[in-house]
Amino acid sequence: MTQAIDFTFRTAESRCYIGFQLFRPTLDLGVPMGNDGYGFQLCLLQSWQLRRDTDVVHVATRQQRLITALAINGPRPRSYLVGLLWPEAQESRALESLRVSVHLVSRQIPGLLINGGTVLSLSELVDVDLHRVRAQIRELSQSGRNGNVSSCLHQLRDAELLPGWYDDWVLFEQSRLRQDRIHALHIFARESLERCDYEAALEASEAALELEPLYESAVGLLIQAQRQQGNNAAALRAFEIYQAKLKQDMGLVPSETIRRLVADISSQPTGKQRGDI
């Protein structure tokens with residue numbers, strides 16, 4: 001006996017419904033394609049956002065946390081995710097919460113998750129902005145400054161990870177990224193100064209100091225860049241701001257290395273310093 005199957009074609013969305021099951025075109029690796037064949041864009045910097053092609057996908061907070069954990073940590077066993085996302089819950093309830101989250105993500109956003117049984121991961125077709133910034137930081141550390149200077153500085157300066165998220169595992173990643181950005185900006189400022197690109201050195205050292213105001217090496221690079229531009233008054237002002245904050249926060253004084261950078265102008269009459277601007 002042959003059972004009749006009710007089917008409907010929706011050519012505008014390139015989808016085929018057979019009964020109640022949804023089928024979509026796939027790549028060779030078995031992952032559903034977006035309209036452009038690329039997939040998804042996941043933003044974790046500044047604010048959380050998931051896009052498929054040009055469309056924003058609205059995702060509930062619990063599912064956001066699962067997607068974010070996989071984006072940051074890569075493929076992970078279910079047991080790891082349970083402990084990370086629901087550390088205070090009973091194991092049985094945490095496993096059920098994970099199962100529900102996986103089901104909801106898979107139903108709402110087919111192709112985003114790869115369910116490997118005990119291991120979960122994001123599809124290779126998910127482009128994550130955090131991964132691009134980390135690749136840029138690695139390249140700076142290994143090969144130094146190259147490419148589009150303005151774009152590189154902009155990405156490093158604005159790469160704040162999920163502000164407003166206070167999960168312990170997110171706070172750890174925020175701190176790690178912050179330290180990596182400071183290090184990369186320091187490299188950028190130092191190499192820019194060596195190449196006599198004083199404007200880029202100034203911008204990079206200022207960005208590093210926005211993240212860590214007491215970073216003495218960045219203060220030194222900032223002072224040197226300002227002096228190379230002939231702005232002795234700004235260099236002395238940067239030193240004095242650092243000196244005051246270091247005393248207020250730590251009860252310390254600047255090192256001899258930093259003091260030497262402004263020694264010849266700090267002893268000059270005030271009027272002459274102002275005339276250097």
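Leaving aside its neighbours within four places in sequence, which residues is Leu-42 in contact with? I shall answer that in a moment, after a word on the model.

What we have here is a predicted model, in which local features need pLDDT of at least 70 and side-chain atom pairs count only at pLDDT 80 or more, while totals for chains, interfaces and linings use all residues. Residues are numbered from 1 along each chain as its sequence is written, and side-chain values use heavy atoms, with hydrogens and water left out.

To return to Leu-42: beyond those sequence neighbours, its contacts are Trp-48, Gln-49, Leu-50, Ile-67, Ala-71, Leu-122, Val-126, Asp-127, Val-128 and Asp-129. Contact here means heavy atoms within 4.5 Å. Leu-42 and Leu-44 are the residues with the most contacts inside the largest nonpolar core, which has 73 residues. Such a core is a set of buried Ala, Val, Leu, Ile, Met, Phe, Trp, Tyr and Cys residues joined through side-chain atoms within 4.5 Å. Helix α6 supplies the largest share of this core, nine residues.

Let me turn to the charged pairs. The whole structure contains 15 salt bridges, each defined as a side-chain nitrogen of Lys or Arg within 4 Å of a carboxyl oxygen of Asp or Glu. One of them joins Glu-173 to Arg-134, with the closest N and O atoms 3.7 Å apart. Because Glu-173 lies in helix α6 (residues 168–194) and Arg-134 in helix α4 (residues 129–143), the pair ties together parts that are 39 residues apart in sequence. Helices are DSSP runs of H or I, at least four residues long, numbered from the N terminus.

Are these two partners buried or exposed? Glu-173 is buried, at 7% relative accessibility, and Arg-134 is buried as well, at 14%. The term buried means under 20% relative accessible area, exposed means over 50%, and partly exposed lies in between, using a 1.4 Å probe and protein chains only.

Glu-173 also forms a salt bridge with Arg-176, at 3.0 Å between the closest N and O atoms. These two residues are three apart in helix α6, so about one helical turn separates them. Arg-176 is partly exposed, at 36%. Arg-134, Glu-173, Arg-176 and Asp-180 are linked in a network of salt bridges.

Finally, Glu-191 pairs with Arg-195 in a salt bridge whose closest N and O atoms are 3.7 Å apart. Glu-191 is buried at 15%, whereas Arg-195 is partly exposed at 48%.
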